[in-house]
Amino acid sequence: MAQVVIDHPFLARRLQEWTLFRAITLSQSWTTDALLGSSDWLQLKAATAANTDAIELLADHGRTKRIRRLSRTNPNVKTQARSSKTPAPGMQG
């Protein structure tokens, strides 16, 4: 698939973001830098997902107010999002 989209920057980035979203939703390895450097589209998708680490990160550091608000009100988070600047446990920085 990567070979097909290599000459199309938007498609290549979207494929990369879908791969990151898959890793987040399946609780596989991902980095805070990758999520925070992703598009608003991916951050919005991750803010409504079930991965608590991603949601807490976006609640504090999401790119837009909408992303931060969605993360804070996500019903999948049992506790309030942390306000510290440290990565959530289990994430790679």
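Residues are numbered from 1 along each chain as its sequence is written, and side-chain values use heavy atoms, with hydrogens and water left out. Because the model is predicted, local features need pLDDT of at least 70 and side-chain atom pairs count only at pLDDT 80 or more, whereas totals for chains, interfaces and linings use all residues.

Me: How many salt bridges are there by this rule?
Reply: A salt bridge is taken as a side-chain nitrogen of Lys or Arg within 4 Å of a carboxyl oxygen of Asp or Glu. Arginine 13 and glutamate 17 form one of them, at 3.2 Å from N to O. By this rule the count is three.

Me: Is glutamate 17 buried or exposed?
Reply: Buried means under 20% relative accessible area, exposed over 50%, and partly exposed in between (1.4 Å probe, protein chains only). Because its relative accessibility is 4%, glutamate 17 counts as buried.

Me: Why is helix α5 largely enclosed by the rest of the structure?
Reply: Helices are DSSP runs (H or I, at least four residues; strands are E, at least two), numbered from the N terminus, and α5 covers residues 52-61. Helix α5 is largely enclosed because the buried residues number seven of the 10.
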